[in-house]
Amino acid sequence: VHDRAHKTQIRQAVEEIFGVRVLEVRTMSVKSKPKRRGSLAVIDATDFDTPSAKRAAEGLAAFGEPGRTLVVLGREGEDTCFKSFRNLKGVAVHAQDAVGVADIIGAQRLVLSPAAVEYLTTIARKPEREAATA
């Protein structure tokens, strides 16, 4: 919903799109967190053929405002990427199976490799599968 839409516009749009009758519209305005916009990136760790802190720093500089950055990488074949980020100021690098919720919540920027995304997604969905089989 556009932040300048009023209740009548919202009601008319919902009725038209979903073919329902709307009895009441309640709205809430929440201030955005501009520092969090664009705070998630996925990098191709295989692009780092050789360790390069300079290249890693340039990539982070293009990523937006500096801040606590967490880089999460897979265990296999991402060593050169790990070496590229590990000594940068304000950057913590963790293996996918060694990162915790507190690490992720405490980071202003999160950088993941595709392997880490896949691993963390699998871990996050585990309870769904276990509940389905029970």
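**Entry 1: strand β2**

I began with β2 and found both faces covered: Thr69, Val71 and Leu73 on one side, and Leu70 and Val72 on the other, are all buried. Buried here means under 20% relative accessible area, exposed means over 50%, and partly exposed lies in between, with a 1.4 Å probe and protein chains only. Five of the five residues of β2 (residues 69-73) are buried, so the strand is largely enclosed by the rest of the structure. I take helices (H or I, at least four residues) and strands (E, at least two) as DSSP runs, numbered from the N terminus.

**Entry 2: basis of the model**

I note that the model is predicted: local features need pLDDT of at least 70, side-chain atom pairs count only at pLDDT 80 or more, and totals for chains, interfaces and linings use all residues. Residues are numbered from 1 along each chain as its sequence is written, and side-chain values use heavy atoms, with hydrogens and water left out.

**Entry 3: neighbours of β2**

I looked up the pairing next, counting two strands as paired if DSSP finds at least two bridges between them. β2 and β3 pair in the parallel sense over five bridges, and Leu70 has Ala92 in β3 as its bridge partner. From β2 the chain crosses through helix α3 (residues 79-85) to β3, and this β-α-β crossover is right-handed. Right-handed means that, with the strands pointing away from the viewer, the path from the first strand over the helix to the second runs clockwise.

Towards β4, I found four bridges joining it to β2, with the two strands running parallel. Thr69 stands opposite Arg109 of β4, and Val72 stands opposite Leu112 of β4.

**Entry 4: strand β4 and the whole sheet**

In β4, Arg109 and Val111 point one way and Leu110 and Leu112 the other, and all are buried. In a regular strand the side chains alternate between the two faces of the sheet. I also checked β1: three bridges join it to β4 (residues 109-112), and the two run parallel. Leu40 is placed opposite Leu110 of β4.

What is the order of the four strands in the open sheet? I read it as β1-β4-β2-β3, with parallel pairing. The edge strands are β1 (40-42) and β3 (91-95), each pairing on one side only. Neighbouring strands of this sheet are turned by 20° against each other on average, direction ignored; the axes are lines fitted to C-alpha atoms, for helices over the stretch in contact, and angles run from 0 to 180 degrees between N-to-C directions.

**Entry 5: helix α1 and the surface**

I then went to helix α1 (residues 7-18), which contains Ile17. Is Ile17 buried or exposed? Ile17 is exposed, at a relative accessible area of 62%. With Phe18 and Val20, Ile17 makes a nonpolar surface patch of about 340 Å².

Lys7 is also found in α1, and its relative accessibility of 46% makes it partly exposed. I noted 8.7 Å between the C-alpha atoms of Lys7 and Glu24, which are 17 residues apart along the chain.

**Entry 6: overall tally**

Of its 134 residues, 25% count as buried.

Methods
Patches are made of residues with over 30% relative accessible area and no salt bridge: like charges are joined within 9 Å, nonpolar side chains (Val, Leu, Ile, Met, Phe, Trp, Tyr) within 5 Å. Accessible areas come from the Shrake-Rupley method with a 1.4 Å probe; for residues, only the protein chains shown count as cover. A salt bridge is a side-chain nitrogen of Lys or Arg within 4 Å of a carboxyl oxygen of Asp or Glu.
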